[in-house]
Amino acid sequence: MKERIGVYICHCGGNISDYVDVEELGKMFHKEENVVIAKDVMFACADSNQKDMVRDIQENKLDAIVVCSCSPKLHLHTFRGVAARAGLNPSNYVQVNIREQCSWPHSDHPREATVKAAGLIRAGINRVSFSESLEDIQLTVKKSVLVLGAGVAGMKAAIDLAKSGNEVFLVEKDYFVGGRIAQKDSLFTTGQSGKQIVALLYEEIKKHSNITVFTGTTIEKVSGSLGNFGIDLKVKPRYINGKADKQAVKRAMEECPVSVSDDFNFGLTQRKAIYKNYPEALPDVPVVDAELLKDQPDFVAKFASTLNLNEQEETISLIVGSVLVTTGYDNYQPKEGEFGYKTIDNVVTLPELNRMMELNPEKLVHNGKQINSVAFIYCVGNRQKKGDNKYCSRQCCTSTIHTSLQLKERYKDIQMYHVYRDIRTYGKQEILYAKSSKQGDLYLKYEEKEMPVVEKDGKATVVKVKDYLTAKKEMEIEADLVVLVTGMVAREDSTHISELFKIPIGRDKFFNEIHPKLKPVETVIKGVYIGGTCQGPKNVSESVQSSLAGASKITALLKSGTVAVDPIIARVDREACTWCGKCADVCDYGALKVIEVDGKKVAQVNDAVCTGCGICAPICPENAIEIAQYTDNGIESMIDGFLADVQIKEKEANAGEEQEEVKVGMKEYPQIWKEILAGMTDEKNSIPQIAENSKLNREVVTYHLMTMNRYGVVVPAGMDDKEMYFYYKRK
Amino acid sequence: MSKVNPKFATELKKYGSDDFNACFNCGNCTATCSLSTADSSFPREMIRYTTLGLEGEIKASLKPWECYYCGECSTECPREAKPGELMMSLRRWLTAQYDWTGLSGLMYKSLPASITAFILTFVGVLAFAFNSNFDLEHMMHVGHMFEAIAIGTIMVVIFIPNIARMWYFTILQPKVKVPFKKYVSSLGEFFVTMFVQKRALDCDDNRFRWFEHFILVLGYLSLLFTTVFLDWFSTEYVAVNIFGYLVSAIVFIVTIDFVNSRMKKKKAMNQNSQPSDWFFVVWLFLMGLTAFMTRLFIDLDIIESNKWLYIFHLTILVQWALIIVPFGKWTHFLYRSFAMYFAKLKEK
């Protein structure tokens, strides 16, 4: 229990005191038990008042303070700082909001507002009497990082993390690095090929001895928390003898008798059972599809020294300080029959077209027929009013238009039609849109309520669209190839990854950051960051930007070897706890585990993982869990305090009408008023003059002069010639 | 259901305009146009029809004629798609569609064809002069006769069928029902448009351009009347003579300004002169000037020693009457007048 409490009730320059009788409240709480000082102040946040508070705390040996002013969002840290400067633990400070939660909303009822303010303040005083001194929790962290996914975002981030002195484990599910960009042979806006970028990044990764790359590897188990995550990896075998001669491996690839549909090319081609995604794929070691070679004993026998079909899966355990998730996206897969996909032979998706273009550099051929016209249908599987994919994939418009320019450049005599909803070639990409129009591409606009239809008309494939740019005229486009511009969706296994790391995911299954503007790459799990398209649709450069942001955050976090975390977390009363496990069930973060203490099973909170959300406290049947600073006693005393009777003397006249006569009982003006008064050098001063003299913003000066005028510190002294500004003088 | 036909755009480019593909349908052109109304909005609609290749819709439309090419749309276009130039090209294309002989289209699309026609007519005139032993009196008599006959023939053989075709494309084919009474009551619109082109006054650019056009039309029609019906070159009446001088002077002085602004290219409408535009202004200028000079030489009595001048005048006259009037830009004057008349008929 605190016995020497200081209470400061703020006028906020009239914002509070116009409606709440703060002077009376100050007098009233002065008599309160355990309250040593209670006073009303003009501006609690003014520098002069902060200094007074520090002096009060030290001279009167205060053990807790309450400031009754505005929202804690505005000044919580200001007054925590005051407490710290006075040598008081900042946890012994409580802010009571009597502006946003009292004077402003109740300006019609000043008396009731004063009563409510009294209740709020008493609740605050009661709460602070149960406060206890808390220190930040210091955690030791390991300077190593797991980067999950070796696409362009993960590879680039891994390099930066390694350069900053972290040990990096780059884990890729596929057998080859590069992710989605390896499937694009021309990326906007530079036209550079994805493979080229992958090769450059891989070369750089190899230069860093502190990066370990795992391919064909999945995450099996995640334990621990910030600073010390335990990660279990499962490495699938390649079934290639590590010591085998490169030429022999090459020969085995060539002579392999089994072929299957090639997923990397979306089934447009066949691949062998011993394969690489593409000839230059990295790491430069092929993979054996062991299942397919089961019935080929002759072949296996021939290459017995090259292949190693008995190779076993390997489990590796790592300890890392932090995790960067860059697992990327999947292409939206149209349903059978969606715009004729899979039911009409010349309907493909944009990623498929990109593969076709790379495989047919001279002449664009599909099903043996040369393609002379292409119709793109935009926003397939995206921006759905009904359905989960409400978002826009933001890179597909530009990607399509870039593809269209490539088509014209490579195959010359080809006509493109764009059946779109809106064109979003934002930023510098707009230039591509203009280029495409100029090369003769035709744009027809549809709306979601009247979707285009792809039909077979005899031999021809036609797209029927109500063109919103031609008074909704029904138009018919005959095209050799219909390309569905499919957007991005979350990875199929994003739910699984989310469960492993406890990263929250949205309805769209993309991972969620804490705050899109202020904490854009942080997740609610301390030490786990997200980058690239696993968070939501992005183009290549945006992906790399976000993964590098994550890399910088991680470097900053791990730099000192220790991390301070907020002490407001759950605590278990081991005597009361009977370990029923309910708390561990509801905890979203896995912060609660069972331990045995003196032969008794009790719950244990992992300080590094707990976010202090408080969900475990009310669920506990034994009431054995409480949250620091939000103890049962504290909260109950607040309720008691708020409901207690309040006796307040009524002011004699209405506060609003006697404004003229209000005398400011200030010992001292706020610092800013002093600066303004110092800036008033002449008898008559205009606002711009004062602002210039006192080196303050003109709007700030205007605002404060109005308040100062209201409190009789200054008075208007006419207007200038052009009647643009009031003059002011000291009263 | 209409088929998208990107080939139409390729065809239309032969008529002058080639930037309209850059259009991204913002509609600034329509918004900025002072002639476009809620009931009849352009040029965006026409650009849209052109890029999509909706030939039928364009052929049935009178909107290209409703534009007087102030060039505001081209200046304001954020994509520099030159909508004004597209409207001009559509007028050329429509002219080619109305013309049953197909010669209009041939000459618009092919400069060599036009030059061949000019050379052939020049050779024809020379042959005629040679054949008449350079007898000036005979030549001038035939020249006078030629004018009257040419006007009549072109009217009957070319213009009347072409206007009938225009009427068929814009009224009959789209099944617009017009009561006969309206044909009579709307005639006023036709004459006002033909002589005054009052719609052009609503254009955003200056009134000076309208005034120039107005006096040029008056000057041109008066010159035609003076030479054909009053036989200016052989008239004894002083008043007729002076009037002839006046109107021919108007024709060549005003055209100097037109040629000049086409060369300076300051305004959008002057920036993309096609051969057909040059032929029109230059030949009009030459016609006014040579007519003026011929009569001057007659009055100074030096024409006998300068027969070349009349042969030159006759060449210009023949080329004007046989090439530019029936198949060149002159027809715009006629079709525009009828377009306003037909538009009035279509009004509800």
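Predicted model: local features only at pLDDT ≥ 70, side-chain atom pairs only at ≥ 80, totals over all residues.
Residues are numbered from 1 along each chain as its sequence is written, while chains are lettered from A and ligands numbered from 1 in the order in which they are written.

(Axes are lines fitted to C-alpha atoms, for helices over the stretch in contact, and angles run from 0 to 180 degrees between N-to-C directions.)

Chain A also holds an open sheet of 5 strands, in the order β8-β7-β6-β16-β29, and here the pairing is parallel. At its edges stand β8 (211–214) and β29 (528–530) of chain A; each has a single partner strand, so one side of each is left without a neighbour in the sheet. Neighbouring strands are turned by 20 degrees on average in this sheet, direction ignored. Strand β6 (residues 144–148) of chain A is joined to strand β16 (residues 322–325) of chain A by 4 bridges, with the two running parallel, and A:L148 has A:V325 as its bridge partner in β16(A). Helix α14 (residues 540–558) of chain A lies across β6, β16 and β29 of chain A, running at about 180 degrees to β16(A).

The loop between α13 (494–501) and β29 of chain A contains A:K517. Is A:K517 buried or exposed? A:K517 is exposed, with 6 other C-beta atoms within 10 Å. (A residue is buried if 20 or more other C-beta atoms lie within 10 Å of its own, exposed if 12 or fewer, and partly exposed in between; C-beta atoms are placed from the backbone.)

Then there are the nonpolar cores, meaning sets of buried Ala, Val, Leu, Ile, Met, Phe, Trp, Tyr and Cys residues joined through C-beta atoms within 7 Å. The largest has 208 residues, and A:V147, A:V325 and A:A375 are among those with the most contacts inside it. Its largest share, 13 residues, comes from helix α16 (residues 307–327) of chain B. Another core, of 48 residues, lies apart from it and includes A:A38 and A:M638. Leaving out residues up to four places away in sequence, A:A375 touches A:Y417, A:V419, A:V463, A:I477, A:A479, A:V482 and A:V483. (Two residues are in contact if their C-beta atoms, placed from the backbone, lie within 7 Å.)

What happens where the two chains meet? There, 15 residues of chain B are in contact with 16 residues of chain A. On the chain B side, β1 (2–3) and α3 (44–52) each supply at least two residues, and α3(B) has the largest share, 3 residues. By class, the side of chain B that touches chain A has 8 nonpolar, 4 polar and 3 charged residues. (Ala, Val, Leu, Ile, Met, Phe, Trp, Tyr, Cys and Pro count as nonpolar, Asp, Glu, Lys and Arg as charged, and the others, Gly among them, as polar.) Strand β26 (residues 473–479) of chain A pairs with β1(B) in the parallel sense over 2 bridges, and B:K3 in β1(B) is the bridge partner of A:E476.

Chain B itself is assigned domain 1 (7–98) and domain 2 (109–346), with bounds that come from an automatic or database domain assignment. The C-alpha centres of these two domains of chain B lie 26 Å apart, and their contact takes 24 residues from domain 1 and 27 residues from domain 2. On the domain 1 side, α7(B) gives the most, with 7 residues.

Notes:
Pairing = 2+ DSSP bridges.
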